[in-house]
Amino acid sequence: MKERIIRKVRKVGLIEALFLFALLFLRRIRSIVHIFFLRMRGYSIDFSVHLGNSVHFFQDTKHAIRVKRRAVLGSGVRLKALINGHIFIDEDVAIDDNANIFSLYNITIEKGTLIAANVYIIDSDHALPLKKSRYLITSEKGYSGKPIHIGKYVWIGAHAIILKGVTIGDNAIIGAGAVVTKSVAANTIVVGNPAKSIKKFI
């Protein structure tokens with residue numbers, strides 16, 4: 001680690017390196033302050049989590065959103081746990097910019113999973129027919145859904161959509177733009193709309 005820092009300083013120059021370290025330090029302080037106020041409002045977020053700019057949280061009940069150690073949430077990420085929804089993000093998960101995770105039931109993302117930019121994960125949709133449900137949007141009766149479970153070390157490509165009731169096994173790869181409507185086995189690559197398996201690996 002020390003040698004890597006020394007090489008970086010030699011490459012970009014001392015002034016630029018100091019500016020970079022100062023910027024990283026200020027971003028870390030801003031993230032800690034943001035987490036402090038979120039925890040005051042009932043969010044369970046570890047202080048080691050890194051929050052990008054304009055990360056939005058909303059929960060209807062305290063501790064409905066939990067984010068574990070060393071997770072990274074990029075700029076513009078939105079986490080919403082509405083009504084009885086819960087979102088659990090395990091340690092070392094990285095979620096890139098502008099990803100959206102909405103829960104009315106339960107969404108679990110396990111350790112080490114990587115989620116690219118603009119991914120959309122939602123565990124519910126409107127109950128049908130809409131003429132009956134549109135007046136129930138503030139209660140669970142207006143929706144239908146099932147929990148989503150994403151395993152360890154999963155890679156989800158940019159603009160992918162994960163829909164209700166899906167379980168994704170450990171080490172699976174979800175291609176960019178895939179629409180996942182059915183569960184995905186571990187160690188499997190899926191692509192397309194709707195997503196289909198194209199390869200299984202050990």
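Me: What makes Asp92 and Arg70 a salt bridge?

Reply: In this predicted model, the closest N and O atoms of Asp92 and Arg70 are 2.7 Å apart, and because the cut-off asks for a side-chain nitrogen within 4 Å of a carboxyl oxygen, the pair is called a salt bridge. Asp92 lies in the loop between strand 7 and strand 8 and Arg70 in the loop between strand 4 and strand 5, so the pair ties together parts that are 22 residues apart in sequence.

Me: Why is Asp92 called partly exposed?

Reply: Its relative accessibility is 29%, and because buried means under 20% and exposed over 50%, Asp92 counts as partly exposed; Arg70, at 39%, counts as partly exposed by that reasoning.

Me: How do you know that Glu91 forms a salt bridge with Lys111, and is Glu91 buried or exposed?

Reply: The closest N and O atoms of Glu91 and Lys111 are 3.6 Å apart, which is within the 4 Å limit. Glu91 is buried, because its relative accessible area is 14% and the limit for buried is under 20%, whereas Lys111, with 28%, is partly exposed.

Me: Why does Glu110 have no salt bridge?

Reply: The nearest side chain of opposite charge, Lys152, is 4.5 Å away, and because a salt bridge needs a nitrogen within 4 Å of a carboxyl oxygen, no salt bridge is assigned to Glu110, although Glu110 is buried.

Terms used. Residues numbered from 1 in each chain as written. Predicted model: local features only at pLDDT ≥ 70, side-chain atom pairs only at ≥ 80, totals over all residues. Heavy atoms only, no water. Buried < 20%, exposed > 50% of the residue type's maximum accessible area, 1.4 Å probe, protein only. Lys, Arg positive; Asp, Glu negative; His and termini not counted. Helix = DSSP H or I, 4+ residues; strand = E, 2+ residues; numbered from the N terminus.
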